Amino acid sequence: MIKRNWPWLLGLVLLFFFVRYDGISFVTGLLLLGVILVVWGLSGSRKKKKTRSEVPDLSAELESHYAESGMSSSEITFFRETMNQTKNEITQLQENMQQTAKLKAIDLRHDPVKAAKALFKELVKEPNRLHEASQFLYTHLPNLVDLTNKYNEINDHEIKNKQTYEKLEESAQIIDQLARLIAQDYQQFVSEDLEDLDVEISVAKQSLKRDNKHEPEEKS
């Protein structure tokens, strides 16, 4: 309790000091106290905001992984800042897509949140391919987050007219298209894996075919 209210206690002490020893009036001291608390509150708010957005500590395992990928210190820093921003956007998108029935339906149809999380994991595994996901990172995902933010804000209006419903419907159509693009971003990113799998399947089929040809016939 004392820890949470220490700014008020400190302010009262300062107020008493100013009034008792500096000779200022009580009202002036009270105004000074108010200014001190406002400044403290603003600085605390900025600190909380910074904490939510700051990049987490780099684990030894990931540091080794990035180094083995041939990334320099500056490249690692840029990559981690980009991915931290992306992680925050994915979290926000997940929250947004669950706020209305319309957005839930879009999420079920295209799985943009699931695709975004999967692409995030792929990028962590292959950080050197960050540039291949530029459309997802800098256009599709942030635009979808911004649009769903605005959609939910307008949808929460107590009173809606015809124009409001038209704008919501138009927004929902664009959200649907962006959600589909994010799913495509993931499929395109892992397309090389699918091609490699096709090659492996083809080689395995040829090997099985050769083995079957050379298999000795059973004697009756």
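The protein chain holds 9 helices and 0 strands, where helices (H or I, at least four residues) and strands (E, at least two) are DSSP runs numbered from the N terminus. Read from the N terminus, the order of elements is α-α-α-α-α-α-α-α-α. The model is predicted, so that local features need pLDDT of at least 70 and side-chain atom pairs count only at pLDDT 80 or more, while totals for chains, interfaces and linings use all residues. Residues are numbered from 1 along each chain as its sequence is written, and side-chain values use heavy atoms, with hydrogens and water left out.

Of the 220 residues in the chain, 27% count as buried; buried means under 20% relative accessible area, exposed over 50%, and partly exposed in between, with a 1.4 Å probe and protein chains only. Contact means heavy atoms within 4.5 Å. Among contacts between residues at least 6 apart in sequence, 69% join residues at least 24 apart.

Helix α4 covers residues 73-97. Its expected span is 1.5 Å times one less than its number of residues. For the 25 residues of α4 this gives 36 Å, which agrees with the 36 Å between its end C-alpha atoms.

The partner to consider next is α6. Two packed helices are described by the angle between their axes and the distance between the axes. Here axes are lines fitted to C-alpha atoms, for helices over the stretch in contact, and angles run from 0 to 180 degrees between N-to-C directions. α4 and α6 pack at about 165°, with axes 10 Å apart. They are therefore roughly antiparallel, given that angles under 35 degrees count as roughly parallel, over 145 as roughly antiparallel, 65 to 115 as roughly perpendicular and the rest as oblique. α4 passes α6 in a left-handed crossing, meaning that the near helix is turned anticlockwise from the far one by less than a right angle (clockwise for right-handed). Among the residues that meet are F79, M83, I90 and L93 in α4 and V113, A116, F120 and L123 in α6.

Between α5 and α6 lies a loop that contains D111. Most residues other than glycine have a negative phi. The phi of D111 is near 55°, a positive value. At 34% relative accessibility, D111 counts as partly exposed.

α7 passes α8 in a left-handed crossing. S171, which lies in α8, counts as buried because its relative accessibility is 19%. Leaving aside neighbours within four places in sequence, S171 is in contact with L147 and Y151.

The largest nonpolar core has 32 residues, of which L93, L123, F136, L141 and I182 touch the most other members. Such a core is a set of buried Ala, Val, Leu, Ile, Met, Phe, Trp, Tyr and Cys residues joined through side-chain atoms within 4.5 Å. At least two of its residues come from each of α4, α5 (101-110), α6 (112-125), α7 (134-155) and α8 (162-189). α8 gives the most, with 7 residues. Beyond its neighbours within four places in sequence, L123 is in contact with F79, M83, R129, L130, A133, L137 and F189.
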